[in-house]
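Here are my notes on the two chains, as numbered points. Please read them with the viewer open.

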Amino acid sequence: MEWRRKHVLGLVDFLPEEIEFVVDTARSMEEVLTRDIKKVPALRGKTVVNLFFEASTRTRTSFEMAGKRLSADVVNFSSSTSSVTKGETLLDTARNIEAMKPNILVIRHAASGAPHFLARHVSCSIVNAGDGANEHPSQGLLDLYTILKAKGKVAGLKVAIVGDILHSRVVRSDLHSLGRMGAKLWLCGPAPLLPQEMARTGAFLTSDIREAVRGADVIIMLRIQLERQKTAYFPSLREYSRRYGLNREVFALAKDDAVIMHPGPINRGVELSDELADCGQSLILEQVASGVAVRMALLYLLAGGSHAAH
Amino acid sequence: MLLIRGGRVVDPSARRDEVGHLVLSEGKVKEFLAGEAPKNFPGRVIPAEGRWVTPGLIDMHVHLREPGYEWKEDILSGTRAAAAGGFTSVACMANTKPVNDHPEVTRFILDKARREGFANVFPVAAVTRGLEGKEMTDFTELAEAGAVAFSDDGKPVASALLMRRALEYVRPFGYLIMTHSEDPELAEGGAANEGWTARKLGIPGIPAAAEEIAIAREILLARQTDGRVHIQHVSTKMGVDLLRMAKRAGLGVTGETAPQYFTLTDAALEGYDTNAKMNPPLRGEEDRMAILEGILDGTIDAVACDHAPHEDYVKRCEFTTAANGIIGLQTSLPLTLALTAGGKVSPVRIVDLLSAAPARLLSLTGKGTLVAGSDADVTVIDPATEWEFRPEEVLSKSRNSPFLGWKLRGRAVVTICGGKIRHSCVPGVEADA
């Protein structure tokens, strides 16, 4: 197929063949990462700007690494304070960066829809690296990639996602990437963090972690994002851990070959027990490795590459 | 002297809906004439054949932004938009800068409106000083200065105790308290109706219960105090149901809604359109249908557009950051006229919603009626003309409307305020200087 997208704002409108195309491209990229010299000249002379308005280590580093592996010039712009409190609007900030002629803006922002808004007003390509509680498309793709690598398929697998569903952009992207490829998705969390409307996505909803984990092939644990919660959605972390933490006992309900994933960073002992985080069935570090390959694929395709035939 | 000739005169106060002629003289309505039009009329003649002739429309809920935010709107531009939309009177909310919590501010607005206005302006003063929800304003002084009602609109009065005291205190004087009914804690941080659209777009939600709990509270306090309260911009199904229940119980509760709440749903937010962002937020289809039902059965007394001008750049940003509100004075009439489709809502009811009822609720004597001796505020409406709401048509200083580009049906073709023609798009009928 031919890649026609200028932006990657979300997976909401990705067709299954587009998702497969990115996965195929990521496979070629992963091959590059196995070489002694982990660098190809595909994006030489192109500039990627990481425009991060929210704290992030892993995603920003992953995009930076991806750009550099492809020989792009990568510039990082981080601002922990919002553009508004600095007195400059998001659009002004983006236009200032755009005036320096980058090819791709990778943006993370606390406001849902911020990348969509910028895409209407700037001329370069936009990659959404997480917008509010909307989407995190590269995470959705790397989760798919990781599962495919471990399981060989996604269709028919029971995937349980456990945690703060309400605020999670990872969930919304996973619903598209995994859902569209045929996974049976279960969403689980404390009721105030599990909006009932999410049933409209076709996912099963439960506030009982045992029901979610029973017979699951994949368990994706979400970080409990205390920093996003202005008011208490549940009594305490202790209570949360008791109800929604994944430990040996609960994990035993899953299929024998079930795998554990987590978009990170982990709160050890809260949503995930220490021993499970590091056990042989944990794919958490594989996710990080896949992330670089998937992000290389996205940058490569947006910069005009036509599949990984190099 | 003015003769409005041959129109369909729709006047709910006189239960009139018949073709005839209206004579205006010295700023008042002189008489209604049936039958042949007077020959050799000694004054200007406005042909109104095929059009409705109604008491001047009244919008009881607008933000004119002056004093303090004149770059968004001022009394001149806001009343020009009003006149173009068919409105001869508007009630402006108190969230100016300074807040209209002091008689000097009330007087300033009235003076400015008298000098520059294209329509009558009736200031609504704050219920609490600085809209802070802590201390009551000096109601009597404000009313004497010209405030027609009290509201902290834009902000809810969070304290039930303070609301109780205010309703109780003003009851002997007959002052009207209007409420922006919202539970601030339930609504905090929200930017859209809590529902599927908000979930899908990842926008923090405002639950319907935030409005419904507050409406229930106002109703119960009206009952407790034997007071009178008017609920502003009702947007939810249960809000309408509660209002209906209160009216059936004979309580002193009335309510208004805005055209956006019976025209749009939160589906308009797709693509993060900040011109669809407002508070209360656009709700679901079930709510929209309930609002229509409330209009049909009389539960909702009035339509008021909550005209809320904002400059481009506070809307040209991330959805959650964008300002709340839309302009509405030039679209309120056609969107309300759309209710007549299918014959469920009569022209008399439309004019009641947009003129007679607001006049009644705000106790505006001589307004909202065409009986002899009332003020010569008249709107001539072409109910069938089709037009597009283009950016060039906007007379407000701001253009924040989700209805830009919409094909609308019906508009005010002549607006007469105090006997003066303030707006006309009828060839040969020039507006007065």
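1. Strands and helices first. Strands here are DSSP runs of E of at least two residues, and helices are runs of H or I of at least four, numbered from the N terminus. On that basis Phe52(A) belongs to strand 1 of chain A. Please keep in mind that this is a predicted model.

2. Phe52(A) in its setting. Is Phe52(A) buried or exposed? The cut-off for buried is 20 or more other C-beta atoms within 10 Å. Phe52(A) has 22 such atoms within 10 Å, so Phe52(A) is buried. Leaving aside residues up to four places away in sequence, Phe52(A) touches Arg60(A), Phe77(A), Ser78(A) and Arg108(A). His109(A) is 57 residues from Phe52(A) in sequence. In space, the C-alpha atoms of Phe52(A) and His109(A) are 6.5 Å apart.

3. Chain A has an open sheet of 4 strands, in the order 2-1-3-4, and the pairing is parallel. Strand 2 (73-78) and strand 4 (125-131) of chain A are the edge strands. Each has a single partner strand, so one side of each lacks a neighbour in the sheet. On average, neighbouring strands of this sheet are turned by 15° against each other, direction ignored.

4. Strand 1 against strand 2, chain A. Strand 1 (residues 47-52) of chain A runs parallel to strand 2 of chain A, and 6 bridges join the two. Within this pair, Thr47(A) stands opposite Asp73(A) of strand 2. Helix 3 (residues 90-98) of chain A packs on the sheet. Helix 3 of chain A touches strand 1, strand 2 and strand 3 (104-109) of chain A. The direction of helix 3 makes about 160° with that of strand 1 of chain A.

5. Helix 1 of chain A. Helix 1 (residues 16-33) of chain A has 18 residues. From first C-alpha to last, helix 1 of chain A reaches 26 Å, close to the 26 Å expected at 1.5 Å a residue. Which residues of helix 1 of chain A are buried? They are Ile19(A), Val22(A), Val23(A), Thr25(A), Ala26(A) and Met29(A). An α-helix has 3.6 residues a turn, so residues three or four places apart point the same way. The buried residues of helix 1 of chain A pack against helix 5 (137-151), helix 6 (169-180) and helix 11 (284-302) of chain A.

6. Chain A as a whole. Chain A comes to 11 helices and 9 strands. Its C-alpha trace spans about 55 × 45 × 35 Å along the principal axes. A compact globule of 310 residues would have a radius of gyration near 19 Å, and chain A agrees, with 19 Å. Of the 310 residues of chain A, 49% count as buried. Among contacts in chain A with a separation of 6 or more, 76% come from residues 24 or more positions apart.

7. Domains of chain B. Chain B is divided into domain 1 (2-53 + 375-395 + 403-424) and domain 2 (55-361). The centres of domain 1 and domain 2 of chain B, taken over C-alpha atoms, are separated by 27 Å. Across the boundary, 25 residues of domain 1 of chain B are in contact with 26 residues of domain 2 of chain B. On the domain 1 side, the elements giving two or more residues are strand 1 (2-11), strand 16, strand 17 (407-417) and strand 18 (420-424) of chain B. The largest share of that side, 7 residues, comes from strand 17 of chain B.

8. Backbone points to check in chain B. Most residues other than glycine have a negative phi, and most peptide bonds are trans. Which peptide bond has omega near 5°? The cis bond from Glu66(B) to Pro67(B) does. Pro67(B) lies in the loop between strand 6 (57-62) and helix 1 (75-84) of chain B. Another cis peptide bond joins Lys97(B) and Pro98(B), with omega about 0°. Pro98(B) sits in the loop between strand 7 (87-92) and helix 2 (103-116) of chain B.

9. Positive phi in chain B. Tyr272(B) has phi near 55°, a positive value in a residue other than glycine. Tyr272(B) is in the loop between helix 9 (259-263) and helix 10 (285-296) of chain B. With 25 other C-beta atoms within 10 Å, Tyr272(B) is buried. Ser363(B) also has phi near 55°. The loop holding Ser363(B) runs between helix 12 (347-361) and strand 16 (378-388) of chain B. Ser363(B) counts as exposed, because there are 12 C-beta neighbours inside 10 Å.

Notes
Residues numbered from 1 in each chain as written. Chains lettered and ligands numbered in written order. Predicted model: local features only at pLDDT ≥ 70, side-chain atom pairs only at ≥ 80, totals over all residues. Pairing = 2+ DSSP bridges. Axes fitted to C-alpha atoms, helices over the stretch in contact; angles between N-to-C directions. Contact = placed C-beta atoms within 7 Å. Expected span 1.5 Å × (residues − 1). Rg over C-alpha atoms; globule rule 2.2 N^0.38 Å. Domains from an automatic or database assignment.
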